[in-house]
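Trainee: I would like to go through this entry term by term. Could we start from the model itself?

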Amino acid sequence: MEQQILLVADIHLGKATHFRKSGIPIPDSIHSDDLNRLFHLLQHYKPKRLIILGDLFHSSYNNSWEVVRHFFKENYDHIPELVLGNHDILEEPHYSFMRIHKTPLAITPFLFSHEPLTSEYNPPLYNLCGHIHPGVVLRAPARQSLRSQCFYFGENAGFLPAFGKFTGMSTAALSIKHPGKIFIIAPDEVIPL
């Protein structure tokens, strides 16, 4: 049965403000781009459920959180859901506009979490998670290479790429030698590798 769920992970909104507090100049526009992409996905797919697999906000409260609250109030007709991640450390009242899942969320045949779960939790549900920020490096002759975020689907778990552009990626966590399917993210499409 079609659930009409949009899954994203690791948006890390507010990270630019967090860095600026430490004296590192990062423009807020980096988060505006993330919110614009999320807005277009919500408008295009019109999901009944938006489930964020952790790390919606990067760190402690700053004014960027009010931008996040306003975004969901104005652009999403349902209650967004958050499976708490290691960076979701705000006090509970800040999340009052969301449905919070403090433990992994089971929607058969999936188990949604932020961090990958050990195999004891997976069967018979397939674990979809974030946290790793998977990426691959494609190498070509003449020392050419391309780094790309990717989706990775293994036997018991699938890893979503970080949605936020100011997050980085881990190319060490996955390699072509891993048994599983890798889908790289190109500017206008997702391509199986």
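The talk below sets values against definitions.

Mentor: This is a predicted model: local features need pLDDT of at least 70, side-chain atom pairs count only at pLDDT 80 or more, and totals for chains, interfaces and linings use all residues. Residues are numbered from 1 along each chain as its sequence is written, and side-chain values use heavy atoms, with hydrogens and water left out.

Trainee: How many helices and strands does the protein have?

Mentor: The protein has 3 helices and 12 strands. Helices (H or I, at least four residues) and strands (E, at least two) are DSSP runs, numbered from the N terminus.

Trainee: Why is His-12 called buried?

Mentor: Its relative accessible area is 4%. Buried means under 20%, exposed over 50%, and partly exposed in between (1.4 Å probe, protein chains only). So His-12 is buried. His-12 is found in the loop between E1 and helix H1 (15–21). Its phi is near 55°, a positive value in a residue other than glycine.

Trainee: What makes Lys-46 exposed?

Mentor: Lys-46 has a relative accessible area of 55%. The cut-off for exposed is over 50%, so Lys-46 is exposed. Lys-46 lies in the loop between H2 and E2. It is not a glycine either, yet its phi is positive, about 45°.

Trainee: Why does Gln-144 count as partly exposed?

Mentor: Its relative accessibility is 48%. Gln-144 is found in strand E9. Not counting residues up to four places away in sequence, Gln-144 touches Leu-138 and Arg-139. Contact means heavy atoms within 4.5 Å.

Trainee: And Ile-185, what class does it fall in?

Mentor: Ile-185 is partly exposed, because its relative accessible area is 29%. Its place is in strand E11. Leaving aside neighbours within four places in sequence, Ile-185 is in contact with Ser-148, Gln-149, Cys-150, Phe-151 and Pro-161. Take Ser-148: it is 37 residues from Ile-185 in sequence and 6.3 Å from it in space, C-alpha to C-alpha.

Trainee: What share of the whole protein is buried?

Mentor: Buried residues make up 42% of the 193 residues. The protein exposes about 11,000 Å², and carbon and sulfur atoms supply 55% of that. Accessible areas come from the Shrake-Rupley method with a 1.4 Å probe; for residues, only the protein chains shown count as cover.

Trainee: What makes a set of residues a nonpolar core?

Mentor: The members are buried Ala, Val, Leu, Ile, Met, Phe, Trp, Tyr and Cys residues, joined through side-chain atoms within 4.5 Å. The largest such core has 21 residues. Those with the most contacts inside it are Ile-11, Leu-38, Leu-50, Ile-52, Leu-56 and Phe-72. Strand E1 (5–8), helix H2 (29–45), strand E2 (49–52) and helix H3 (64–75) each supply at least two of its residues. H3 gives the most, with 4 residues. Apart from this core lies another, of 10 residues, among them Ile-107, Tyr-126, Leu-128 and Leu-160.

Trainee: What does Leu-56 touch?

Mentor: Its contacts include Ile-11, His-12, Trp-65, Val-68 and Phe-72, not counting residues up to four places away in sequence.

Trainee: How do you know that a space is a pocket?

Mentor: On a 1 Å grid over the protein atoms alone, a pocket is an open set of points where a 1.4 Å probe fits, with protein on both sides within 12 Å along at least five of seven lines. Lining residues have an atom within 4 Å of a point. The largest pocket has a volume of about 770 Å³. Of its 26 lining residues, the closest to its centre are Leu-41, Phe-151, Phe-163, Ile-185 and Val-190. H2 gives the most to this lining, with 5 residues.

Trainee: How does the lining of the largest pocket divide by class?

Mentor: It has 19 nonpolar, 3 polar and 4 charged residues. Ala, Val, Leu, Ile, Met, Phe, Trp, Tyr, Cys and Pro count as nonpolar, Asp, Glu, Lys and Arg as charged, and the others, Gly among them, as polar.

Trainee: And the second largest pocket, what volume does it have?

Mentor: About 150 Å³. Its lining includes Leu-42, Lys-46, Glu-74 and His-78. By class, that lining has 3 nonpolar, 3 polar and 3 charged residues.

Key. Points joined across faces, edges and corners; volume = space filled by probe spheres on them.
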